Amino acid sequence: MTKPTKVTNNIRQLRQEHGDMTQAELAGRVGVTRQTVNAIEQGKYSPSLQVAFQISRVLGLNLEEVFGYPPDLSG
Amino acid sequence: MSFQAKSTTVMLAALVGAYGWYGLQLFRLAEGSPVETVAYQPLVFVVVVPLVVIATIGHILITAVNPSEADSTDERDRDIARRGSVIGGWIVSIAGIAALFAAMAEVGHFWIAHLILAGLVLAELADGSWRLVLYRRGT
């Protein structure tokens with residue numbers, strides 16, 4: 001059973017749009033393990049703000065273009 | 001499975017193997033007598049040998065399977081390790097308090113020593129097991 005995180009993301013889709021970048025490539029450029037990128041994509045782990053910014057930067061996008069947070073959970 | 005998750009699995013296997021062996025040795029040496037009569041003190045030190053052997057062989061194997069991931073760790077591993085340690089810390093504390101009460105009740109040193117030992121081993125088992133749950137389920 002997986003416990004979903006509140007932070008959502010579309011990293012998998014964005015990787016494909018960036019020349020089919022692999023999880024390992026993204027992980028290597030961000031400085032985390034491939035398993036952590038996989039866990040983030042599956043919503044099993046919310047990355048730190050620092051890693052979230054790094055992922056967004058590697059993908060050439062702003063933070064909120066990569067990650068989302070449902071409005072009803074923000075209060 | 002990340003290297004740290006594999007490493008945690010190896011350590012759990014080593015703990016179960018080594019302290020399972022320890023328990024068997026205690027009952028074997030008792031030879032039908034009450035177990036608290038066994039001279040357990042040497043065993044407490046000797047059990048470290050199978051623990052180290054199993055852990056070392058296990059780590060060599062998981063490193064050989066994927067050398068590039070050897071000893072890799074990141075913020076998720078550290079977060080999961082911290083959460084596991086909290087559980088382990090609670091168990092060690094409970095065992096410590098139980099041992100304190102046992103000492104005040106003047107229970108035999110065999111049982112006091114084994115309350116502490118059981119607390120330490122159970123803490124490591126709970127820590128590792130919770131880490132594996134978090135790796136699989138998410139944090």
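Which helix of chain B holds Val133(B)? I looked it up in the predicted model. Val133(B) sits in helix α5 of chain B, residues 109–137.

The buried class would need 20 or more.

I then took a distance from Val133(B) to Ser72(B). The two are 61 residues apart in sequence. Their C-alpha atoms are 20 Å apart in space.

**Helix α2 of chain A**

I moved to α2 of chain A, which spans residues 23–30. Here I found Leu26(A), Ala27(A) and Val30(A) buried. They share one side of α2(A), because they cover an arc of only 100° around the axis. What do the buried residues of α2(A) pack against? I found three helices of chain A as their partners: α1 (11–17), α3 (34–41) and α4 (49–58). I also looked at what comes after the helix. Gly31(A) follows α2(A), and its phi is positive, near 90°.

**Between the chains**

I turned to the contacts between chains B and A. Eight residues of chain B contact 13 residues of chain A. I sorted the chain B side by class: four residues are polar, four are charged, and none is nonpolar.

**Confidence**

Last, I noted the scores. Chain B has an average pLDDT of 94. In chain B, 100% of the residues score at least 70. For the model, I recorded an ipTM of 0.85 and a pTM of 0.87.

Notes: Residues are numbered from 1 along each chain as its sequence is written. Chains are lettered from A and ligands numbered from 1 in the order in which they are written. This is a predicted model: local features need pLDDT of at least 70, side-chain atom pairs count only at pLDDT 80 or more; totals for chains, interfaces and linings use all residues. A residue is buried if 20 or more other C-beta atoms lie within 10 Å of its own, exposed if 12 or fewer, and partly exposed in between; C-beta atoms are placed from the backbone. Helices (H or I, at least four residues) and strands (E, at least two) are DSSP runs, numbered from the N terminus. The arc is that of the directions from the helix axis to the C-beta atoms. Two residues are in contact if their C-beta atoms, placed from the backbone, lie within 7 Å. Ala, Val, Leu, Ile, Met, Phe, Trp, Tyr, Cys and Pro count as nonpolar, Asp, Glu, Lys and Arg as charged, and the others, Gly among them, as polar. pLDDT is the predictor's confidence in each residue, from 0 to 100.
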